[in-house]
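Keep the viewer open as you read.

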Amino acid sequence: MERSVTPAGWQRLRRELFASRTDGLITLVLLGALLALGGGFLRWALFQAEWAVVRVNSTLFAVGRYPLDQQWRLWLLTALLAAATGLTWGLLRGRSWPRNDQLATVLLAGLALAAPLFLQLSLAIQARWWGITALLLGLRWGAGRWGDRLPQGWRRWLPLQWPLLYLLGMVLISGGLGLMAVRPSDWGGLLLTLVQSSFAILLCFPLGVALALGRRSELPLLRWGSVLYIEFIRGAPLITLLFLGQNILGFVLPGGLAPDRVWRAAWVLTFFAAAYVAEAVRSGLAAVPRGQMEAARALGLPVPQALIHVVLPQALRVALPATVGQFITLLQDTTLLSLIGLLDLLGVARTVMANPAFLGKNAEVYLLLAVLFWCCCAALGLGSRALETRLNPNTLSAARA
Amino acid sequence: MAAAGTTPVVTPWWRDRRWIPWIVQGGVALAVLVVVAFLLGNLVRNLTAAGLLLSWRWLGNPAGFDISETVLPYDASLPYWRALLAGLANTLRVVVTGLVGATLLGTLVGTASFSSNGLLRRLARVYVEVIRNIPLLLQLVFWYFVVFLALPNGRDALQLPGLVLARSGLYLGWFTDPLHLSWAGPHLEGGVWHAPLRLTVEFGALLTGLVVYTGAFIAEVVRGGVASVPQGQWEAARSLGFMPLQTLRRIVLPQALRVIVPGLNSQYISLAKNSSLAVACGYSDLYSVAETTLNQSGRAVEVMLILLGAYLVLDLLISALMNGLNGLVQLRER
């Protein structure tokens with residue numbers, strides 16, 4: 001491939017940037033502004049910013065006040081997650097290494113090499129990160145190469161590792177089964193953010209689907225009940241509902257039955273997101289022609305089966321982008337936990353900056369959080385788009401043909 | 001088929017099509033009623049035990065706390081309901097200005113993504129993608145702590161024509177006498193800025209955060225709306241001799257509005273609800289006043305009812321206005 005700027009390249013550049021006199025002026029002004037901004041930012045990031053606030057507190061940002069002698073459980077969980085990811089990835093792709101996979105591999109390896117150096121972690125912890133990354137990439141390679149030798153029965157049951165791993169992860173994090181209990185109030189940082197958002201995402205989805213079906217039901221009681229719930233939740237700001245969860249739940253549940261503050265917030269997030277997911281799913285249901293249900297009924301399927309096997313698969317495919325959009329919003333909404341005094345990523349950031357040693361280091365900390373959230377949300381969005389093309393019947397049949 | 005003597009098949013009642021709907025609904029209603037009765041029973045019992053049974057008389061007691069900036073006149077000796085009203089007025093103030101600002105910014109960025117200039121188009125995309133993937137609360141604390149609280153004071157303040165940005169506030173010039181077009185800009189007196197219009201940095205940070213965040217979503221709505229107008233409309237206008245900006249204003253936007261207005265409605269409502277994050281940058285909106293009220297009076301249920309009711313009314317109001325607007329822009333067929 002010719003990479004140097006060809007006459008065609010020049011022409012394209014000219015058409016894009018200097019098509020007319022106004023366009024040229026706009027381009028020059030924008031370029032000047034961009035250069036000034038970018039230069040200023042680089043000067044700040046390289047010479048003025050003091051990244052010690054991130055280096056010193058990296059454990060706090062990752063897990064909060066999780067007891068030091070129990071942190072091996074989180075390392076084990078991370079290693080298991082990496083193994084499961086590598087295995088699934090390898091089995092999905094087989095021996096082929098498409099361009100996206102190469103890119104992801106380079107990114108992962110680069111991150112594993114660069115991040116510990118930037119954070120100046122101790123050698124023992126650096127080695128752990130390198131080990132975990134090697135495990136992930138090694139399993140990707142191994143499963144891709146020899147995965148087809150696994151018996152078919154085994155491969156069918158392998159996706160079950162994810163729910164099992166989730167339950168195991170909850171046990172590892174909170175304790176039980178012989179492990180020392182770690183109270184939820186000691187979880188913090190990225191750990192708390194991920195626990196809260198994954199819990200809410202997993203539970204709000206079935207709840208949302210049920211509400212969407214209820215809203216389209218022919219039974220008036222179910223319909224009006226669902227409408228009432230959805231509109232009530234959507235009419236209130238999340239912070240008032242979180243506040244309600246913290247202040248009223250103690251009154252409406254008998255003493256001792258009310259969950260811990262962390263779990264209260266998790267349930268509020270779940271019930272809140274369910275109403276929005278319900279609206280996303282409802283738009284998907286509306287896109288399925290009425291004839292689908294009628295045809296399924298005419299073939300003798302009872303209503304629940306017709307819903308599960310015929311209507312919902314089509315509706316959920318249509319609703320996928322909007323639903324994932326809601327999940328992304330949910331992930332972002334976990335920052336509100338810091339307003340009710342929980343130590344999620346933003347909450348930890350606030351406590352760190354209240355420390356006199358790091359006073360006024362707002363910009364560094366907020367920039368780090370912004371990058372973290374941006375990467376998580378963008379990854380979710382990319383995953384949703386990939387899944388969308390995978391599930392699209394047109395591309396599916398094209399791939400099979 | 002059926003031989004004489006066999007009994008006819010009787011559908012049991014639990015599988016009878018006439019009964020199933022009622023059984024399902026009855027079951028759901030019973031479950032909901034039992035849960036609600038249980039919760040309400042506990043609520044009444046616990047509130048009675050705490051001596052906090054539902055009452056509204058406490059709203060007349062003096063609030064005893066100050067609110068840093070208000071539109072309505074307020075001081076700490078006024079009753080609770082006046083405090084809540086002042087909070088509501090503050091919320092309305094930021095919501096209304098935010099709506100205007102976000103609409104302007106969103107329209108600008110949304111139409112910029114159709115520019116003939118490639119750089120401008122890409123920058124519009126980058127803005128939307130960056131802003132939408134960062135939590136609003138994080139953006140608000142960024143604007144407040146990193147940008148607005150870092151502004152210099154006095155002589156070093158950021159000075160633009162008619163506008164001065166200082167840590168002590170944002171100073172805007174305004175017409176002192178609109179008839180004679182006499183204008184007063186911000187001026188420095190003994191190291192302190194004076195101007196006809198002063199906004200606090202708290203309000204400035206909240207407004208900036210809300211406008212920048214909602215603007216990105218509105219830009220997407222506008223982009224979708226403009227993209228929904230067929231390409232042929234642009235070409236036809238061009239062949240009639242319209243300039244690009246003229247085409248946008250006279251031909252494309254009126255048609256795009258039919259798609260844009262319903263999308264704007266939900267963005268406006270989410271801006272109104274998001275304004276409740278004001279507490280993160282120290283602005284006293286309805287939520288933050290309500291939180292203080294609850295902490296002082298202990299009246300959790302009543303305060304929650306007021307809060308939820310107020311935001312619900314605000315949402316309904318926006319919806320009603322936007323539905324009216326929607327009726328105006330929809331295609332009227334003969």
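In chain A, the centres of domain 2 and domain 3, taken over C-alpha atoms, are 25 Å apart. The bounds come from an automatic or database domain assignment, which gives chain A domain 1 (7-48), domain 2 (67-181) and domain 3 (182-401). Where domain 2 of chain A meets domain 3 of chain A, the contact takes 8 residues from domain 2 and 7 residues from domain 3; two residues count as being in contact if their C-beta atoms, placed from the backbone, lie within 7 Å. On the domain 2 side of that contact in chain A, there are 5 nonpolar, 3 polar and no charged residues. For those classes, Ala, Val, Leu, Ile, Met, Phe, Trp, Tyr, Cys and Pro are nonpolar, Asp, Glu, Lys and Arg are charged, and the others, Gly among them, are polar.

A word on ground rules: this is a predicted model, where local features need pLDDT of at least 70 and side-chain atom pairs count only at pLDDT 80 or more, while totals for chains, interfaces and linings use all residues. Residues are numbered from 1 along each chain as its sequence is written, and chains are lettered from A and ligands numbered from 1 in the order in which they are written.

Chain A has 18 helices and 0 strands; helices (H or I, at least four residues) and strands (E, at least two) are DSSP runs, numbered from the N terminus. The C-alpha trace of chain A spans about 70 × 65 × 55 Å along its principal axes. Of its 401 residues, 26% are buried, meaning that 20 or more other C-beta atoms lie within 10 Å of a residue's own, against 12 or fewer for exposed and partly exposed in between, with C-beta atoms placed from the backbone.

Now for the contact between the chains, which takes 38 residues from chain A and 43 residues from chain B. On the chain A side, the elements giving two or more residues include helix H1 (7-17), helix H2 (21-48) and helix H17 (362-391). H17(A) gives the most, with 9 residues. By class, the chain A side divides into 28 nonpolar, 8 polar and 2 charged residues.

Over in chain B, you'll find 9 helices and 8 strands. Its C-alpha trace spans about 105 × 70 × 40 Å along the principal axes. The radius of gyration of chain B is 28 Å, whereas a compact globule of 334 residues would be near 20 Å (taken over C-alpha atoms; the globule rule is 2.2 Å times the number of residues to the power 0.38).

Look next at strand E2 (residues 163-166) of chain B, which pairs with strand E3 (residues 169-172) of chain B in the antiparallel sense over 4 bridges; pairing needs at least two bridges found by DSSP. A hairpin joins E2(B) to E3(B) through 2 residues, and Leu163(B) stands opposite Leu172(B) in E3(B). E3(B) also pairs with strand E8 (residues 197-199) of chain B, antiparallel over 3 bridges.

Finally, the largest nonpolar core has 135 residues, and Leu140(B), Val141(B) and Leu206(B) have the most contacts inside it. Such a core is a set of buried Ala, Val, Leu, Ile, Met, Phe, Trp, Tyr and Cys residues joined through C-beta atoms within 7 Å. Not counting residues up to four places away in sequence, Leu140(B) touches residues including Leu206(B), Leu277(B) and Cys281(B).
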